[in-house]
Amino acid sequence: MTLTDWFHDTKPQRPAEATDQDLLARAGVPMAFAKDEEIYGQGEPADRIYRVVSGVVRTSRFMPDGRRPIGAFYHAGEIFGVEQGDQHEMGAEALSNCVIQVLSRDAFAAAGRESELQKLVWEATLRDLEIAREHLALLVRKNARERVASFLLGLSEKARHELVDLAVGRQDMADYLGLTIETVSRMITQLQGAGIVEFPTYRQFRICNRHMLEGIAAG
């Protein structure tokens, strides 16, 4: 989802694209993050909003017992880091080399765009709640094969090419899907053996039979 989706109705008399570019120019700063670099930490002040320009971002939370549940993965055009409270409940890291548009809440206010900020926060919060709902349904209702199929299908829908770059590693997949890394690898091997997906490299895949993959993902 792009910023155009968030702000398309804020200035009816002007083209949506121009409105967004004006907002970004006034309030946003592009920042580069290297692979595995922290974007913000768990518990840090939530005084900024982030939009992925390129790359993939992971949000996760470290638990006292050492577990690391993953909240979500964010791709180009998606907004993250929106909190209702004053602190980030989860940390965010770059899974690949990323460019992130960093939007300061104070900059929104200084630019006189409080209503756009409120709309942005509300819409992003609703989206994150939907992500959490879908993630819970994935963990509760689906078996291992269905979870992996759903995950690969979701990645392919975000990709712009038939050959999908897989920035998410096997361990991240396992943590997100509530599986062991051995189980994830075994499910991928089964899907490849059935001719449903193909992995030309460890970090790339393509869907060979979308109809079958959709059937598996649907349970």
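This protein folds into eight helices and eleven strands, where helices (H or I, at least four residues) and strands (E, at least two) are DSSP runs numbered from the N terminus. It is a predicted model, so to speak plainly: local features need pLDDT of at least 70, side-chain atom pairs count only at pLDDT 80 or more, and totals for chains, interfaces and linings use all residues. Residues are numbered from 1 along each chain as its sequence is written, and side-chain values use heavy atoms, with hydrogens and water left out.

**The protein as a whole**

Of the 219 residues, 45% count as buried; buried means under 20% relative accessible area, exposed over 50%, and partly exposed in between (1.4 Å probe, protein chains only). The protein exposes about 11300 Å², and carbon and sulfur atoms supply 51% of that area, by the Shrake-Rupley method with a 1.4 Å probe. Among contacts (heavy atoms within 4.5 Å) between residues at least 6 apart in sequence, 71% join residues at least 24 apart.

**Helix α8 and its cover**

Let's turn to the end of the chain. Which residues of α8 are buried? In this helix, residues 210-218, they are Leu213, Ile216 and Ala217. These residues cover an arc of only 100 degrees around the axis, which puts them on the same side of α8; the arc is that of the directions from the helix axis to the C-beta atoms. His211 and Ala218, on the other side, are exposed. Just after the helix, Gly219 has a positive phi of about 80 degrees.

| Element | Residues |
|---|---|
| α5 | 144-158 |
| α7 | 181-193 |
| β10 | 197-201 |
| β11 | 204-207 |

**A three-stranded sheet**

Both strands in the table also belong to an open antiparallel sheet, with the order β9-β11-β10. Its edge strands are β9 (164-165) and β10, each pairing on one side only; two strands pair if DSSP finds at least two bridges between them. Three bridges join β10 to β11, and Val197 stands opposite Ile207 in β11.

**The largest pocket**

The largest pocket has a volume of about 660 Å³. Of the 20 residues lining this pocket, Glu134, Ser150, Gly154, Lys158 and Tyr176 are the closest to its centre. A pocket here is an open set of points on a 1 Å grid over the protein atoms alone, where a 1.4 Å probe fits, with protein on both sides within 12 Å along at least five of seven lines; lining residues have an atom within 4 Å of a point. The largest share of the lining, eight residues, comes from α4.

Key. Points joined across faces, edges and corners; volume = space filled by probe spheres on them.
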